[in-house]
Amino acid sequence: MKYMLLIWNRPGFTDELSEQERTALFGDVDEIMKELTESGELIGGQALANPSQTMTVRLVDGSPELLDGPFMESKEQFAGYLAVDCDSPQRAAEIAARWPDVRYGGAMEVRPIMDEAGTEM
Amino acid sequence: MTEDRTVEDLLRTFAPQVLGLLVRRHGQFDRCEDAVQEALLAAATQWPGQGVPDNPRAWLLTVATRRLTDEWRSESARRDREVAVARREPAYAGVAPAADAEPAVPTDDDTLTLLFLCCHPALPGSAQVALTLRAVGGLSTAQIARAHLVPEATMSQRIRRAKQRVEAAGARFTMPGPAERGERLGTVLRVLYLIFNEGYTASTGPDLRRAELTGEAIRLARILRGLLPDDGEVAGLLALMLLTDAHRAARVGPDGELVPLAEQDRSRWDAAAIAEGVALITEALTWSPPGPYQLQAAIAAVHAEASTAAETDWRQIVALYRLLARIAPNPMVTLNQAVAVAMVDGPRAGLALLTPLDADERTAGHHRLAAVQAHLLELAGEVGAAREAYLAAARGTTSRPEQRYLEVRAARLTGQG
C-alpha cells in the first residue's frame, strides 16, 4: 500500500532550536530516510521552500489570478512529504510517529495514495 | 519481435533451473541470484543478435558460474590483503548447500525448492512477491518495479533486503520437511495468488505492464502444477486463476469503468480459459479433498457455466460458500456468501448474514462491507440507505475505478427515494 506522509510544521521553527537540537533533528531525518531506502519502502520525498516563496492561483471575479503567499493562512504550513510503499497502515503510521517535526509541535498526515487497480463488485 | 519473445521465454524458463543448480552447488543464494540475473542480461543482449546457443541452459550456467568465480577471486584477493581476518568462515556464507549428492543437471525439485525459499515465512508478503518474480519468474528488477509502480532503486533494495533476510533466517536450499511442507506450500500458493490479483485488478488501468502479472502468475502456477500434480489445491489455484482471468476483457467497460459480474457481456469471456479451468477443477475434485482454492474455483466454474447472469445456479454457489466458510472462515468469504444467499433467499437474508461483520474489527468500516450492504439494500428497495452505503464505500476505497463505480451507483439512486 502506498502512502503519502505529509509534513506540517511551523515555518522557521528550526531557527529557535539549539545547535544540539538541530543536529539531532537532521540526524533523525537522515536515519529514517536511510532505513526506508534500505528496506525498499521509500518511493520518494521532497522538502518545500519557506512558505514566503509560495504563489497561489485562485479564482478572482471569474478568472484565475496569481497571488503571493500560501493557500491557507495558518500557523502550520505544508513543509514537504515522503511517499512510501509499505505492508500495512500501521507501518506507515509508525514511520510518521518517528518523524522529528512531531516532537516540536508539527504534525504528520498519513494519507493513502489512490490506486488505478480495482476489483469489480 | 517474435525472436525477442522466444528469447525471453527461453530465459524465463531456464532462470529458476540454472539458479537452483547454482545454489545447490555453491550455497550463497544471494550471490548466485545476482550472478544468474547478470547471465540473463548478457543473454538478452547477445542472443537476439548472435543467435540462441545450441544449449542455452548450459550457456547460462557457464556465464553465471563465471560471474560467481570472478567475484570470489576478487574477494579472496582482497581478503588476502586484510591481515586480521585469519581463518574464519566467509561472513557472507549465505544459504548453505544441501549436504547430499548433487546431480549436475537441474532437477524439478530445484525449482520447487527455490519457490519455497522465495516464499520464506521470514519475509513480508511484498518481499516474497518481489523475490519470487525475480528468482523464479526470471523478471528483471526494472520489470518488477514497473509492475509495482515504484522506482527501480526501491525495488532493488527490497529484493536485496529480502535475500539478506532469507540468509539471516538460516534457510537452507533443501525441501522443507513433511511437517512443515503443507504450511510452506500454503504460503507459496498465497504468493502466487497475490501476484495474480495484483495483475488482474490492474487490468482496468492504462498500465498494461502491470496487468501482465496475471500471465506470469498463471505461468508459475502451471510450473507448480507440473511439479506437484497430486496436489488438489495447486490444481484449484490454477483453475481459479484461469476462470477469473477469463473475465478480463469483459470486466472493464469502454470508458475504463468496472463492470460487475452480473452485467458483463459473457460472449467476451475467454472460452478456452474457461474450458481449461472447468476441466481442471472438475477433475481435481474427484480425487482431492476440497480446499479453499478448489472451492473458489468451483464457485467460479458455476458462474462460468451460466450463459446469462439470470441462469446462475445460486443454490449450488450458496452450498459451496457454506463449505468454504466452514473450512476457511474469513469475513471476505462471508461478504461473497451474503450476495449468494441474497440471490436465493432474498436481500434481507443476505443482510442478516452481514450483521456480525459490523462488529468484526477486520471488516468494520471496510469499504467492501459497505459496498455489499449497499447492493443488498438496493435490492431490498431501501434506496436512501443504499445510497448512503454506496457513498460510504466510495469514501473508504483507495481504488479510483472502485470509487468511480460506487459513486455512479449512488448517483443512480439520487432522487429515487
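**Exercise 1.** Work out why α13(B) is largely enclosed by the rest of the structure.

*Solution.* Start with the count: twelve of the 14 residues of α13(B) are buried, so the rest of the structure largely encloses this helix. Here, buried means that 20 or more other C-beta atoms, placed from the backbone, lie within 10 Å of the residue's own. Helices are DSSP runs of H or I with at least four residues, numbered from the N terminus. A word on the source: this is a predicted model, in which local features need pLDDT of at least 70 and side-chain atom pairs count only at pLDDT 80 or more, while totals for chains, interfaces and linings use all residues. Residues are numbered from 1 along each chain as its sequence is written, and chains are lettered from A in the order in which they are written.

Next, pick out the buried residues, among them Y293(B), L295(B), I299(B) and H303(B). Finally, look for their neighbours: they pack against α8 (178-201), α11 (232-245), α12 (271-287) and α14 (314-327) of chain B.

**Exercise 2.** Describe chain B as a whole: how many helices and strands does it have?

*Solution.* Counting gives 19 helices and zero strands. Then take the principal axes: the C-alpha atoms of chain B fill a box of roughly 85 × 45 × 45 Å. Of the 417 residues in chain B, 44% are buried.

**Exercise 3.** Find how many residues of chain A are in contact with chain B.

*Solution.* On the chain A side, α1(A) gives the most, with three residues.

Terms used: Helices (H or I, at least four residues) and strands (E, at least two) are DSSP runs, numbered from the N terminus. Two residues are in contact if their C-beta atoms, placed from the backbone, lie within 7 Å.
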